[in-house]
Amino acid sequence: MKDLFYAIQDLFVNVLFAPFDALRALELENWWSANFMNWFFMAICSVAFVYWMLQLKKHSDNNEEDKSVSSHSYL
């Protein structure tokens with residue numbers, strides 16, 4: 001039973017967390033390279049947000065939505 005827990009420890013420490021150890025070592029050399037994926041995902045989110053806002057504006061400019069006060073029964 002003890003060997004099972006050591007195997008799990010070995011799997012996580014030496015295999016699954018190896019990329020994080022590499023990033024930690026890379027950060028000491030070059031911060032920009034270590035955080036490249038963060039900047040990449042931030043750029044993707046920014047593009048998606050701008051696209052979403054443009055689609056909302058296009059939908060709003062079509063005047064398809066009923067904005068009258070009596071459109072909902074609770075109003």
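Let's start where two helices meet: helix 1 (residues 2-16) packs against helix 2 (residues 18-29) at an angle of about 40°, and their axes lie 5 Å apart. This is a predicted model, in which local features need pLDDT of at least 70 and side-chain atom pairs count only at pLDDT 80 or more, while totals for chains, interfaces and linings use all residues. Residues are numbered from 1 along each chain as its sequence is written, and side-chain values use heavy atoms, leaving out hydrogens and water. Helices here are DSSP runs (H or I, at least four residues), numbered from the N terminus. Axes are lines fitted to C-alpha atoms over the stretch in contact, with angles from 0 to 180 degrees between N-to-C directions.

Next, look for the salt bridges, of which the structure holds two. Each is a side-chain nitrogen of Lys or Arg within 4 Å of a carboxyl oxygen of Asp or Glu. One of them joins the side chains of aspartate 21 and arginine 24, at 3.5 Å from N to O. Aspartate 21 and arginine 24 are separated by about one helical turn because they stand three residues apart in helix 2.
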